Amino acid sequence: AQQTPTADQLVKGKDAKLIVLSQRPIVLETPYDLLASQPERTSKEILYVRNNVDLPGYNSVEGASLEGWTLEVGGLVNKPFTLEAKELLSLPQHEVTMVLQCSGNGRSFFQPRTSGNPWKRGGVGNVTFRGVRLKDLLESKGVKLGEKALFITAHASRQGNAAEFVRSVPIHALEEALLALFMNGEPLPAVHGGPVRLVFPGYFGVNNVKWVAKIEFTEAENTTAEQMPRYRVPAIPNANIPILPQEPGKTYPYSFTNSRPNWLVAINSFIFAPQEGQTVEGPYVRVEGVAFNDGLVPLTSVEVSTNGGRTWFRATLEGSGRSFGWVRWRATLYLRPGEHEVIARAWDAVGRSQPLDGNIAWNERGYEYNGVMRVRFTVA
Ligand code: MSS
């Protein structure tokens with residue numbers, strides 16, 4: 001019998017404790033205790049990996065060479081151009097800390113079980129990207145967008161016979177779009193899209209195209225499987241509802257007009273301490289974690305409850321203001337000896353929050369789970 005390779009055997013430099021959800025394509029989940037052990041920023045050694053399409057030879061946390069890498073920019077622009085990616089090093093650099101989260105993160109909490117990799121909560125990390133703003137690059141080349149340029153469509157490299165990987169995001173995303181060359185102060189790891197990745201702060205993982213080779217401005221979303229029917233949830237386009245509730249277990253006839261892509265990150269919060277099953281000293285118990293949204297408006301609060309949501313206690317947030325990165329929070333609770341269950345939910349400035357029952361957003365591929373997290377623990 002063949003043994004499943006460990007994460008560090010699949011990707012050079014990854015922590016061997018990452019959970020191998022798939023070998024081909026490579027999908028590695030960060031165990032929750034490891035994720036929680038780095039509450040500021042997620043290091044390259046433990047950051048989750050999700051490939052739909054592996055790029056042969058890019059299986060390492062080391063950087064990848066910029067030499068010979070080219071980037072085509074075209075579509076609905078006055079002046080298409082091709083760039084030597086190493087030229088990006090001489091343009092103004094910009095830095096952004098953001099949550100990188102697979103839209104399937106939390107999928108295994110949906111009931112009944114959905115298709116796709118059974119992520120628990122470890123398909124997420126908080127990382128700092130550095131590189132060149134796409135809009136700065138366009139400006140430096142004197143490129144103007146056509147009126148019908150409604151989407152940014154990015155294509156990954158096909159080198160080594162890789163299958164295509166293409167994603168489209170709304171043109172609004174150009175505001176923050178970054179051609180990332182560095183992550184956490186080091187060359188962007190090859191497995192995370194080095195030498196150059198197009199990242200969209202505030203957008204789910206799938207939109208952040210690794211090994212980007214071509215960027216097009218288009219009138220419509222692309223029609224490859226990663227855009228439709230995959231990576232979408234039932235919704236009424238242009239209506240002000242985040243998701244159209246489905247009867248759990250039912251299939252849905254996905255189309256461009258009855259669904260929307262996994263674009264903006266859904267508001268969410270995680271409890272990092274205490275951890276499930278732990279015994280802690282009482283009666284004062286420190287509860288802490290992180291929260292995030294799409295960065296369009298600030299988070300206003302994180303609340304915790306130890307009575308299933310009957311009453312809530314307001315936690316202290318570490319920052320105020322908009323943030324694409326996650327924000328730490330903490331609360332001190334007075335708890336009697338015995339077993340407890342704590343839940344946490346985040347709120348933002350436009351009143352968005354998390355459902356108490358995450359299953360309300362059940363969808364057959366299990367995307368965008370953001371139900372409140374529950375942790376059971378014992379006070380000694
Ligand atoms: N890119 C490319 N090129 N390919 C692939 O496959 N995937 C996606 C993104 N990008 C891909 C790409 C996904 S899907 C995700 S999550 C992400 O990526 C991840 O990242 P990392 O770095 O962590 O691996 Mo879901 O929503």
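The model is predicted: local features need pLDDT of at least 70, side-chain atom pairs count only at pLDDT 80 or more, and totals for chains, interfaces and linings use all residues. Residues are numbered from 1 along each chain as its sequence is written, and side-chain values use heavy atoms, with hydrogens and water left out.

Let us begin with strand β10, which covers residues 178–183. A strand here is a DSSP run of E with at least two residues, a helix is a run of H or I with at least four residues, and both are numbered from the N terminus. Two strands pair if DSSP finds at least two bridges between them. Strands of a sheet pair through backbone hydrogen bonds, either parallel or antiparallel.

What are the partners of β10? Strand β7 (residues 124–133) runs antiparallel to β10 and is joined to it by 5 bridges. Within this pairing, R130 has F182 in β10 as its bridge partner. Strand β12 also pairs with β10 in the antiparallel sense, over 3 bridges, and here A180 finds its bridge partner in R197 of β12. Strand β11 (residues 186–187) is likewise antiparallel to β10, with 2 bridges between them. There, M183 stands opposite E186 in β11. β10 and β11 form a hairpin with 2 residues between them, and N184 in the turn has a positive phi of about 50 degrees.

Is β10 mostly covered or mostly open? It is mostly covered, as 5 of its 6 residues are buried. Buried means under 20% relative accessible area, exposed means over 50%, and partly exposed lies in between (1.4 Å probe, protein chains only).

Next, follow the chain to the loop between β12 (197–199) and β13, where you will find W211. This residue has a positive phi of about 50 degrees although it is not a glycine. W211 is also buried, with a relative accessible area of 4%.

Side chains of opposite charge can pair when their charged atoms come close. A salt bridge is counted when a side-chain nitrogen of Lys or Arg is within 4 Å of a carboxyl oxygen of Asp or Glu. E221 and R232 meet in such a salt bridge, at 2.9 Å from N to O. E221 lies in the loop between β13 (212–218) and β14 (232–234), and R232 lies in strand β14, so the pair ties together parts that are 11 residues apart in sequence. Both E221 and R232 are buried.

Further along, the peptide bond from A273 to P274 is cis, with omega near -5 degrees. P274 sits in the loop between β16 (268–273) and β17.

Strand β17 brings us to an open sheet. In which order do its 5 strands stand? The order is β17-β24-β23-β19-β20, and the pairing is mixed. β17 (279–280) and β20 (313–314) stand at the edges, each with a single partner strand, so one side of each is left without a neighbour in the sheet. E303 stands opposite R314 in β20.

Finally, let us return to the charges. How many salt bridges does a search of the whole structure find? The search finds 20. One of the pairs is R330 with E318, whose closest N and O atoms are 3.7 Å apart. This pair links distant parts of the chain, with R330 in strand β22 (residues 327–334) and E318 in the loop between β21 (316–317) and β22, 12 residues apart. R330 is partly exposed, with a relative accessible area of 25%, and E318 is partly exposed at 46%.

Another pair is R286 with E288, whose closest N and O atoms are 3.1 Å apart. R286 counts as partly exposed, at 43% relative accessibility. R286 and E288 are also linked with E40 and R328 in a network of salt bridges.
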